[in-house]
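Here are my notes for you on this one, written with the structure open beside me. Have a look at it first, then read on.

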Amino acid sequence: MNIFGEKLMEKYAVGDMVSWIPIGYPKEFGLIKRIFTEELENEPERKFAFAEIITSTGKHHELHLDALELESKRISKQK
């Protein structure tokens, strides 16, 4: 199966801080809540990698991983 953005799925993780620039708007920031794939309706063999992102204002966005820039990796808690 072909997943567009598959290599980027290794770069990003839940909890990472990311940014993106919507066309005509200033840069936005948020945290990755989940990473998932979605297939095209008429071509189930083609999937695309997305992230669900939540901003500090509580807005939710679903963006293709190609649209994101990594700002900060999530820091794992040490035991």
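The points below cover the core and the salt bridges.

1. Keep in mind that this is a predicted model. Its largest nonpolar core has 11 residues, among them Leu8, Tyr12, Trp20, Ile53 and Leu68. Strands S2 (17-20) and S4 (46-54) are the elements that give two or more residues to this core, and S4 supplies the largest share, three residues. In soluble globular proteins, nonpolar side chains tend to be buried together.

2. Tyr12 is worth a click. Beyond its neighbours within four places in sequence, Tyr12 is in contact with Val18, Ile32 and Leu65, and also with Glu69 and Lys73, among others.

3. Now the charges: the whole structure has four salt bridges. In one of them, Asp16 meets Lys73 at 3.0 Å, N to O. Asp16 sits in the loop between helix H1 (6-11) and S2, while Lys73 is in the segment after strand S6 (69-72), 57 residues apart. Asp16 is buried, at 0% relative accessibility; Lys73 is partly exposed, at 42%.

4. Lys27 and Glu71 pair up too, with their closest N and O atoms 3.6 Å apart. Glu71 lies in strand S6 and Lys27 in the loop between S2 and strand S3 (28-39), so this bridge ties together parts 44 residues apart in sequence. Glu71 is partly exposed at 33% relative accessibility, and Lys27 is partly exposed at 37%.

5. Finally, Arg34 and Glu52 form a salt bridge at 2.7 Å between the closest N and O atoms. Shared partners join Arg34, Glu52 and Glu62 into one salt-bridge network.

Technical notes: Residues numbered from 1 in each chain as written. Predicted model: local features only at pLDDT ≥ 70, side-chain atom pairs only at ≥ 80, totals over all residues. Heavy atoms only, no water. Core = buried A, V, L, I, M, F, W, Y, C linked by side-chain atoms within 4.5 Å. Buried < 20%, exposed > 50% of the residue type's maximum accessible area, 1.4 Å probe, protein only. Helix = DSSP H or I, 4+ residues; strand = E, 2+ residues; numbered from the N terminus. Contact = heavy atoms within 4.5 Å. Salt bridge = Lys/Arg side-chain N within 4 Å of Asp/Glu carboxyl O.
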